[in-house]
Amino acid sequence: MGKQVLLIEDEPNIIEAIRFILTRDGWAVSSHSDGANAVAVVQERRPDLVILDVMLPNRSGFDILADLRADPALADLPVMMLTARGQARDRAQAEQAGVSRFMTKPFANAEILAAVRELAGPSEGANAAREPDQP
Amino acid sequence: MGGRIRARRADLGVTQAALAAEVGISAPYLNLIEHERRRIGGRLLVALARALKVEPSALTEGAEAGLVAELGAALNGTSLDAGAERGGRVDIELEAARAADFAARFPGWAELVATQHRRIRSLEQAIEALSDRLTHDPRLAAALHEVLSTVTAIRSTASILAETGDLDRDWLDRFHRNLNEDGARLAASAQALVAYLDGEGAGPEGAAAAGAASPQEAFEAWLEARGGFLAEAEPGAESLPDPQLPDEGEARVLAESHLAQARRDALAMPLADMLSLVEAGAEPGEMARRFGVSLVAVFRRLVGLPGNPGGYGLVICDAAGAITFRRPPEGFQMPRLGAACPLWPLFQALSRPMQPWSGVIEQASRLPHRFRAWTLAEPAAAGAGDPGAAPVFVAAMLLRPARGDETAAAAPVGTTCRVCPRPTCAARREASVLPG
């Protein structure tokens with residue numbers, strides 16, 4: 001079993017593409033789409049890395065990140081944020097909230113992969129990279 | 001020039017003899033100057049100005065006072081930054097002190113500087129409005145987010161299809177289906193975005209392109225071109241074609257609502273009666289009682305009479321102090337942009353809702369002007385009459401130049417802090433650009 005990535009994102013087709021790319025690289029990918037209880041889901045699943053969209057239903061990614069950082073057990077958790085707005089203000093806000101990496105949509109698949117590897121170290125399952133499960 | 005010296009001397013209550021002695025000339029000579037029989041300049045002009053506690057320029061050409069104020073504002077604004085960028089150093093105080101001199105010596109150039117300054121401020125305002133819209137318009141933000149989300153999904157999916165050689169059939173089908181869905185979504189959201197942007201051509205930026213900074217300015221220009229009087233609004237003028245309204249959407253709405261209001265006012269206050277009342281010097285309060293209308297309706301009717309026989313002006317603001325209607329009387333200076341002087345009785349009326357007030361005010365400038373003012377704050381027509389609804393007040397201030405016999409102590413007011421020469425003022429919110 002590879003390291004676990006939790007993808008918090010509400011666009012099903014983006015979830016599917018990222019899940020495919022990361023799974024092929026040996027990561028175990030789970031996803032969650034609701035901002036309201038995203039913090040609880042992270043606390044429960046304890047992933048090695050979180051990919052967090054800024055614009056989520058019910059709660060902003062910035063608020064979720066702030067809560068994650070406020071939890072001592074999650075203070076060092078690598079969090080990569082995705083935003084559809086690359087404005088300096090969003091970036092500054094994310095950095096202030098303690099983001100590990102900031103990525104602007106649309107992104108290249110290779111960028112996501114490289115960022116995930118850099119943030120969480122190579123996947124333990126990298127040697128055993130496998131086909132994703134059937135859709 | 002002589003008339004200004006005489007008027008200023010009278011304001012200060014100084015005799016001809018005393019003033020002549022102070023500047024070292026004979027009283028008969030001063031009398032000649034005051035009656036325009038002798039032209040003066042140079043040292044004597046400066047001495048007279050000092051004795052009368054005004055800038056020399058205030059005694060020369062009256063029209064220059066506003067121009068000098070605008071030059072001061074221009075100096076403090078964009079032109080200064082541009083000079084600094086080119087490595088030029090501008091000594092604000094030094095240049096401000098020269099503004100009057102500049103306006104006197106090169107009136108055409110000075111007018112050009114002031115006009116360009118106004119234009120720059122207008123354009124800056126249009127840009128700010130656009131930028132605000134881009135940043136804060138939730139519909140635009142949602143449309144852009146939708147486009148970017150869909151593009152992200154398409155890009156990611158397409159690159160999986162292009163770069164993964166051994167995709168099995170199920171995944172292949174799945175990604176093709178996703179691409180197709182997202183392509184349709186993108187087409188729809190791009191069309192929505194284009195429709196939104198196309199629809200905005202009539203907004204402030206459209207007006208800016210047409211030479212006005214805001215719909216309100218376009219409306220004011222439209223009204224000004226008619227001298228403030230809308231013949232089409234008078235009863236019996238039904239045969240006249242409707243007036244040519246401004247093209248821009250917002251300005252057109254303002255003009256239509258003004259026209260509708262003017263029609264109601266014209267019906268309630270017949271033209272002939274109003275003209276004879278104005279000629280008889282009737283007070284606005286009398287007119288309101290006579291026609292059974294609100295004082296503010298009288299204000300509106302007075303500034304909208306053909307030829308404006310009373311020389312009236314009207315300023316209306318909302319409860320936030322934002323000026324929503326401006327037709328200043330001759331000589332009354334109003335800031336084109338930004339907040340006005342908080343001492344205007346217009347704003348004080350907001351703290352005395354429903355209580356009419358009248359008095360004399362003196363607006364500070366190189367040569368102070370006195371005006372008779374009437375004010376009233378009353379609930380805005382929109383929303384009035386709904387039980388339980390908190391009233392939203394608007395204030396109106398009617399103005400005309402003070403008559404010679406209106407000698408009551410005048411309340412001091414300014415134009416706006418930036419061009420106000422009053423050295424001490426409890427209401428000052430920012431420093432003046434005028435030389436102290």
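Which residues touch the most other members of the largest nonpolar core? View 1 takes up that question, after a word on the model. This is a predicted model, in which local features need pLDDT of at least 70, side-chain atom pairs count only at pLDDT 80 or more, and totals for chains, interfaces and linings use all residues. Residues are numbered from 1 along each chain as its sequence is written, while chains are lettered from A and ligands numbered from 1 in the order in which they are written.

**View 1. The largest nonpolar core has 60 residues.** Here B:Leu71, B:Phe299, B:Ala395, B:Ala396, B:Met397 and B:Leu398 touch the most other members. A nonpolar core is a set of buried Ala, Val, Leu, Ile, Met, Phe, Trp, Tyr and Cys residues joined through C-beta atoms within 7 Å; buried means that 20 or more other C-beta atoms lie within 10 Å of a residue's own, with C-beta atoms placed from the backbone. The core lies between domain 1 (2-114) and domain 3 (306-436) of chain B, because both give residues to it; the domain bounds come from an automatic or database domain assignment. A second, separate core of 42 residues includes A:Phe20, A:Val79, A:Ile112 and B:Phe175.

**View 2. Chain A meets chain B.** On chain A, 17 residues are in contact with 17 residues of chain B, contact being C-beta atoms, placed from the backbone, within 7 Å. Helix 1 (residues 12-24) of chain A gives the largest share of chain A's side, seven residues. That side has 11 nonpolar, three polar and three charged residues. Nonpolar here covers Ala, Val, Leu, Ile, Met, Phe, Trp, Tyr, Cys and Pro; charged covers Asp, Glu, Lys and Arg; the others, Gly among them, are polar.

**View 3. Five strands of chain A form an open sheet.** Along chain A, the elements run β-α-β-α-β-α-β-α-β-α from the N terminus on. Helices (H or I, at least four residues) and strands (E, at least two) are DSSP runs, numbered from the N terminus. The strand order is 2-1-3-4-5, with parallel pairing; strands pair if DSSP finds at least two bridges between them. At the edges are strand 2 (28-32) and strand 5 (101-104) of chain A, each pairing on one side only.

**View 4. Strand 1 (residues 4-8) of chain A pairs with strand 3 (residues 49-53) of chain A.** The two are parallel, joined over four bridges. Look for A:Leu7, whose bridge partner in strand 3 of chain A is A:Ile51.

Terms used
Contact = placed C-beta atoms within 7 Å. Buried ≥ 20, exposed ≤ 12 C-beta atoms within 10 Å, placed from the backbone.
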